[in-house]
Amino acid sequence: MKLPINKSATQLRATILSNRRVGVYHQIVLEVGELVKNIKPGNFIAISVGGETSKMVLRRAFAISRVNDRGTIELIISPQGSGSKWLCSQLEGATVDVITPLGTAFGIPTEPVTALLVGGGYGSAPLFGLAEVLKSRGCRVIMALGASTAAKIYAPLEGKRAATLLKIFTEDGSAGEAGRVTDSLADLIAEHDVRVMYSCGPMPMLEALSNIAVQSDIAHQCAVEESMACGVGICMTCVMPVKTEDGEVKNLRSCIDGPVMDGENVQWHLVGEQL
Amino acid sequence: MSFDFSTTLGGAWFPAPLFTASGCASSGKELAQFFPLREIGAVVTKSIMLKARAGRPTPRMAETPSGMLNSIGLQGPGIDAFLADDVPWLAAQGARIVVSIAGETAEEYGVLARKLRGVSGISAVEVNISCPNVENRGLVFACDPNSATEVVKNVRGIIGGDLPILAKLTPDVTNIASIASAVINAGADGIAMINTVLGMVINTDTMRPHLGGKTGGLSGPAIRPIAVRAIYQVRQAIPGVSILGMGGVASGKDAFEMILAGASGVSVGTASFGDPSAVYHIQNELREILIAKGFTSVKEAVGYAHREQS
């Protein structure tokens, strides 16, 4: 008999310990207590927004950036939509209804290899927690972060320490090298003998990275972001076309079979198409 | 004073009146992490079709004020895999099971009914003849009394008297009471209503329809008054008819409203997306409200809004 889905997920009211602006993003620290023990890099949190009289009926999903042993987690939020704006407007000491940990986690290599972590915009957030875990397992961590402009690069000082090498790319050249993060990755992979790539960011970037990983013959785990209504697997809105073990392409839920997926199996050209 | 929280729908008994809504609980496994499934009236499964189905392309969802549009398109594993995996699992949890079925033709409903006959652990069948996410609106059987009748007759003919049948209706018709009368005359034991309301969102950035399927079903508190109206009208037209009410229920008070309108059971759908334990909380709230209002049973409150002026 199959195990219950999301068996570590717990619903609770979490206190916002801090909420501060970092560039164009907000860094929000939540108190979740003992739950941190169950949270792995790549897992996400679903948060109820808007309060009791809100017209917003759906939960919002956010990647977990880092976990602290003292029972706190850190989120990096881009206040774009009405739900994320509401969350970013909450004061320290407020409580929010959360469910975590949800979804799949990044697989950690069994040997101390060189790993390349690629982030686009605030998609870099969950990579910092991953970098710390990889470093603690003896892996060499190379980070490549990209965004349209400098203000949209998220790269905190404490996170940078986990990376042996950090490269930044902006499309307008306002920070790091001018261009896209994907431009020179194949050379970087060859030069540093990278064995595994991890990524998080917009879908076109993940698709480009999947192609690079196939050409370079390295493993690629990407955290996808498809819009979700529930985050717990009941709404069926967040599906991605993925090649499964039996060779068939199926619509898999990015909240249950993701957000971390094998980039090679995601059928990027079929996203938004009728299967 | 003892309080009787049980209810009956089309002859099937349930220990409590709150249900999940089809398509809003997958097959139950995902919600079991948040509350014991046996504690609610029943799990209404997603609508199962004959074959595995990929569903519609993304984007499948758009949040709207106090609601959402979905265009899932009945993604699911097909009846055989469903009966092999999901039904035994739900039964092992001690949950009551209402299986929702959907076919592309009236005959297909009959084939699905044949598969269900003799399966143990099922309390009732919801015949979904009103899913809005199909290619051809002409295929929404519940928009036409003759098509609706044909489907229900097929299912009844095969199920016989073994299982109660609830016909799931859409509010997107001129006269829902006439459709309800047609399916009851065709042999349905009760009505499940309402399905989502057909709607559309246009993305003002791309300036095209937002959903992959272009149109979608509107659900959530935005449609609750439509549901209450539909339940009230059907109860008035067919006194004593069994109704499983749904449409935007998000609190015990909302569930109470549906019961007053004439529902014997209440399904919670979209509210579960915002809070996976919603069904359980709403059920507890409803119990407190019924007791506070002086009712000694759910049955006593069903249709109470129809009583004559004193």
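Reader: How many bridges join strand 1 of chain A to strand 2 of chain A?

Author: Strands are DSSP runs of E with at least two residues, helices are runs of H or I with at least four, and both are numbered from the N terminus; two strands pair if DSSP finds at least two bridges between them. Here seven bridges join strand 1 (residues 10-22) to strand 2 (residues 25-31) of chain A, and the two run antiparallel. Within this pairing, Asn19(A) has Ile28(A) of strand 2 as its bridge partner. The two strands form a hairpin with two residues between them, and Gly23(A) in the turn takes a positive phi of about 60 degrees. This is a predicted model, in which local features need pLDDT of at least 70, side-chain atom pairs count only at pLDDT 80 or more, and totals for chains, interfaces and linings use all residues. Residues are numbered from 1 along each chain as its sequence is written, while chains are lettered from A and ligands numbered from 1 in the order in which they are written.

Reader: Which strand joins strand 2 of chain A by six bridges, and is strand 2 mostly covered or mostly open?

Author: Strand 6 (residues 72-77) of chain A joins strand 2 by six bridges, again antiparallel, and Leu30(A) is there paired with Ile73(A) of strand 6. For burial one counts C-beta atoms, placed from the backbone: a residue is buried if 20 or more others lie within 10 Å of its own, exposed if 12 or fewer, and partly exposed in between. By that count strand 2 of chain A is mostly covered, with five of its seven residues buried.

Reader: What is the strand order of the open sheet in chain A, and which strands are at its edges?

Author: The order of this open sheet of seven strands is 4-3-7-1-2-6-5, with antiparallel pairing. Strand 4 (60-63) and strand 5 (66-68) of chain A are the edge strands, each pairing on one side only. Angles here run from 0 to 180 degrees between N-to-C directions, with axes fitted as lines to C-alpha atoms, for helices over the stretch in contact; neighbouring strands of this sheet are turned by 35 degrees against each other on average, direction ignored. Strand 5 is joined to strand 6 of chain A by three antiparallel bridges, and Asn68(A) has Thr72(A) of strand 6 as its bridge partner. Two residues are in contact if their C-beta atoms, placed from the backbone, lie within 7 Å, and helix 2 (residues 125-136) of chain A packs on the sheet by touching strand 4, strand 5 and strand 6, with its direction at about 50 degrees to that of strand 5.

Reader: How does one read the open sheet of eight strands in chain B, and what is its order?

Author: One reads the order across the sheet and then looks at its ends: in chain B the order is 3-16-15-10-9-8-7-4, with parallel pairing. Strand 3 and strand 4 (43-48) of chain B stand at the edges with a single partner strand each, so one side of each is left without a neighbour in the sheet. On average, with direction ignored, neighbouring strands of this sheet are turned by 25 degrees against each other. Strand 10 (residues 190-193) and strand 15 of chain B pair in the parallel sense over four bridges, and Met193(B) is there partnered with Gly245(B) of strand 15. Helix 3 (residues 145-159) of chain B packs on the sheet, touching strand 8 (122-128) and strand 9 (165-168), and its direction makes about 160 degrees with that of strand 9.

Reader: How many of the ten residues of helix 6 of chain B are buried, and what covers them?

Author: Nine of the ten residues of helix 6 (residues 252-261) of chain B are buried, among them Phe256(B), Met258(B) and Leu260(B). The cover includes strand 3 (18-20), helix 5 (224-237) and helix 8 (278-292) of chain B. Just after this helix, Gly262(B) has a positive phi of about 135 degrees.

Reader: How many residues of chain A are in contact with chain B?

Author: There are 31 residues of chain A in contact with 36 residues of chain B. On the side of chain A that touches chain B, 16 residues are nonpolar, nine polar and six charged, where Ala, Val, Leu, Ile, Met, Phe, Trp, Tyr, Cys and Pro count as nonpolar, Asp, Glu, Lys and Arg as charged, and the others, Gly among them, as polar.
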